[in-house]
Amino acid sequence: MSTRRLLTEPLPMRRAVDLPEYRADAAERWLPWVFGRAHVAAVPLDATGQDWIVADHPVVAVTTVSVNGQPTTGYELIQRLDTTGHPVSIVRLSRPAGTAQVTARVAGRRDEHSGALVESPSSIVRALAAAAGWQVGGDDYAGLDDDYPCVVLAHVIDTEITLREAIGAILHPLGAIWRPGVAMRAQPGMPQAHYTAREVETIRASAALARIASRARVRYGLDHAT
């Protein structure tokens, strides 16, 4: 049974050096977690550049593979357990790529129960919490399904990050607020936090109407491989 991690603890991600076999120049690279349909920079496993990890978990599919930006059809997706018993998804090239850059378009993590692609905000947050050892119910974070019924995301985690930061990276850009098991769209006037004398000795609050402006910031088409 996995140990439940605190929100402030890093997710249980692995680097290439944690594998039984790895390529020396990639030893410190983090092995990707992929959600939704994303473009991923693969991690080389062997010196010849034949085997490349695209996700440190089972995936739904790999749809395209490129070597130094040039698409190739000479590959196969291999999903297996490594010698530590951990499931990995590997692209094996028919022609080894040496030290070239290999990228793949990946339909990422599968839902543990349905096998469906994990791409909605609620399913991604549930998967993150479960990976950190939390008991997650099917109705947890259901408010996201009500507030964002048609939203699908493409997201890659390939660096050390805490559980709180990982969930925040999914929900904060949507304008959602959350606590374990619950999340919803933030409404005007909805408190973002509660503080009492247990947390702080002195509480002060102020508001001003000067320099008010409205700003919209839209990010789209993020390429996780670059």
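Trainee: How many helices and strands are there in the chain?

Mentor: Helices (H or I, at least four residues) and strands (E, at least two) are DSSP runs, numbered from the N terminus. Here the chain has three helices and 12 strands. This is a predicted model, where local features need pLDDT of at least 70, side-chain atom pairs count only at pLDDT 80 or more, and totals for chains, interfaces and linings use all residues. Residues are numbered from 1 along each chain as its sequence is written, and side-chain values use heavy atoms, with hydrogens and water left out.

Trainee: Which residues of helix α3 are buried?

Mentor: Buried means under 20% relative accessible area, exposed over 50%, and partly exposed in between (1.4 Å probe, protein chains only). In α3, residues 163–171, the buried ones are L163, A166, I167, G168, I170 and L171. They pack against α1 (121–131), α2 (142–147), β10 (155–157), β11 (176–179) and β12 (182–185). For the chain, 38% of the 226 residues count as buried.

Trainee: And strand β4, how many of its residues are buried?

Mentor: Five of five, so β4 (residues 51–55) is mostly covered.

Trainee: Which strands does β4 pair with, and in what sense?

Mentor: Two strands pair if DSSP finds at least two bridges between them. Strand β3 (residues 43–44) pairs with β4 in the antiparallel sense over two bridges, and four bridges join β4 to β8 (residues 87–93), also antiparallel. I53 of β4 is the bridge partner of V43, and in β8 the bridge partner of I53 is I90.

Trainee: Where does a positive phi occur in the hairpin of β3 and β4?

Mentor: At G49, with phi near 75 degrees; this hairpin has six residues between the strands.

Note on methods
Contact = heavy atoms within 4.5 Å.
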